[in-house]
Amino acid sequence: MPPRLRQRCHCAAASLLPRVGWALAQLGAAAGSDFQTQGTILPAPDFNPIMDAQLLGGALQGISCEKDVLIEILTQRCNSQRLMIAEAYRDMYGRDLITDLKENLSHHFKEVMVGLMYPPASYDAHELWHALKGVDTEEKCLIDILASRSNMELFQIKEAYLMQYNTDLQQDIDSETSGHFRDTLMNLAQGTRMEGYADPSTASQDAMEFQSVSGQDIVDAINECYDGYFQELLVAIVLCIRDKPSYFAYRLYNAIHDFGFHNKTVIRILIARSEIDLMNIRQRYKERYGKSLFHDIKHFASGHYESALLAICAGDTEDY
C-alpha cells in the first residue's frame with residue numbers, strides 16, 4: 001500500500017477508536033461474567049478475634065517483634081475479620097493496631113502488614129493519594145486502580161479519599177495530571193461506565209469495521225496512534241474489559257522482571273486482588289509466562305517480606 005494511502009487508512013482507523021473502544025467495553029461487560037473469580041484469602045474458619053488480638057499484642061509488645069505470628073494471622077484472615085481483630089485489639093490494649101504495626105515494623109514488610117489492615121476502598125484511596133501527592137506522580141498506580149475498578153468500587157474509593165484526606169479525588173487528578181491522560185482519568189473516576197449485559201452484536205460490528213479499516217487489533221492500533229501514559233491507560237482499559245486477571249498477571253510480570261521487582265506494584269496488586277481474583281491471576285500468570293507467580297516472588301524477594309507475599313499468593317504444591 002502506498003504510504004499516503006496507508007496514512008489515510010490509519011487516520012480513518014484513529015477516528016474510529018473512541019467508538020470502537022466503547023463498543024469493546026460493551027462486549028467485554030457481557031463476556032466478563034463467564035468465568036468464576038476466586039481470591040487466595042478466604043474467611044478463616046473458627047475465627048476468634050479476641051484470641052487473635054491477644055496473639056498480635058504479644059507479638060508486637062514483646063522484647064522482639066514476632067513477625068511470623070503477624071504473618072500467620074494477618075495473611076490468613078479476610079479483610080472483615082482483620083477489621084474485627086483491630087477493634088478487639090483497641091478494646092484490649094487501648095492502642096491502634098495499625099499504629100503499632102507502623103512503629104514496630106519497617107520497609108516493605110511494614111507496607112504489606114499495614115496495607116492488609118485497610119478496608120479495600122480505603123487502601124485504594126491511600127494508594128491513589130500517595131500516587132498523586134508524592135514527590136513524583138505515580139501514573140501507573142493511577143492506571144491500575146482507575147481502569148480496573150467497578151462503578152461501585154469507584155464511588156466507595158472517592159468517599160474514602162474524601163474522608164481520609166479531606167480533599168476530592170477528582171480535583172486532585174485534575175491538578176496533578178494533564179492532557180488526554182487527565183481527561184480520561186477524570187471520566188473513569190466519575191464511575192459512570194456502563195456495566196452489566198450489553199448486546200455483543202453491536203460491539204462486534206464496530207470492531208469488525210475497525211478491523212477492516214485498520215487491519216489491526218484495537219490494542220495494536222492504540223499503541224500505534226498514541227504514546228506515553230495516555231496510551232498505557234487506553235490499553236489498560238481494553239485489557240481489563242477483556243480479561244482483568246490477565247491484565248494484572250501482565251502487570252505483575254512487568255513489575256517483577258522489567259522493573260527490578262517494583263515492590264509498590266507487587267504489594268498493591270497482591271493486597272488489592274487477594275480476595276477478588278488473585279487465584280485467577282496466578283493461573284493466567286503461569287499460563288502466559290511458564291513459571292508460577294509464587295516461584296518468581298520467591299526468586300526475587302527475601303526474609304519476612306518474602307514470606308508475607310508468598311502467604312498472600314498462597315502457592316500450590318507444584319509451585320514450591
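The legends below describe close-up views of a predicted model.

**View A. The second largest pocket and the residues around its centre.** In this predicted model, the second largest pocket has a volume of about 350 Å³, and its lining is made up of 18 residues, of which Glu111, His126, Glu127, His130 and Lys264 lie nearest the centre. Two or more lining residues come from each of helix 6 (107-116), helix 7 (120-133) and helix 15 (263-273), with helix 7 providing the largest share, 5 residues. Sorted by class, the lining of the second largest pocket comprises 7 nonpolar, 4 polar and 7 charged residues.

**View B. The largest cavity and its lining.** The model has 1 cavity of 30 Å³ or more, and the space inside the largest cavity comes to about 30 Å³. The residues that line the largest cavity are Asp144, Ile145, Arg149, Phe248, Arg268, Ile269, Ala272 and Arg273; the elements giving two or more residues to this lining are helix 8 (139-146) and helix 15. Helix 15 supplies the largest share, 4 residues, and by class the lining of the largest cavity divides into 4 nonpolar and 4 charged residues, with no polar ones.

**View C. The largest nonpolar core.** Nonpolar side chains tend to be buried together in soluble globular proteins. In this model the largest nonpolar core has 85 residues, and those with the most contacts inside it are Leu70, Met113 and Leu309. Helix 14 (residues 228-258) gives the most to this core, contributing 15 residues.

**View D. The surroundings of Leu309.** When neighbours within four places in sequence are left aside, Leu309 is in contact with Val112, Phe261, Val266, Ile267, Leu270, Ile297 and Ala301.

**View E. Gln81, a buried residue in helix 4.** Gln81 lies in helix 4, which spans residues 79-93. Is Gln81 buried or exposed? Gln81 counts as buried because its relative accessibility is 6%, and the cut-off for buried is under 20%. Residues up to four places away in sequence not being counted, Gln81 touches Pro43, Ala44 and Phe47.

Methods:
Residues numbered from 1 in each chain as written. Predicted model: local features only at pLDDT ≥ 70, side-chain atom pairs only at ≥ 80, totals over all residues. Heavy atoms only, no water. 1 Å grid on protein atoms, 1.4 Å probe; cavity = no way out; pocket = protein on both sides within 12 Å on 5 of 7 lines; lining within 4 Å. Points joined across faces, edges and corners; volume = space filled by probe spheres on them. Nonpolar A, V, L, I, M, F, W, Y, C, P; charged D, E, K, R; others polar. Core = buried A, V, L, I, M, F, W, Y, C linked by side-chain atoms within 4.5 Å. Buried < 20%, exposed > 50% of the residue type's maximum accessible area, 1.4 Å probe, protein only. Contact = heavy atoms within 4.5 Å.
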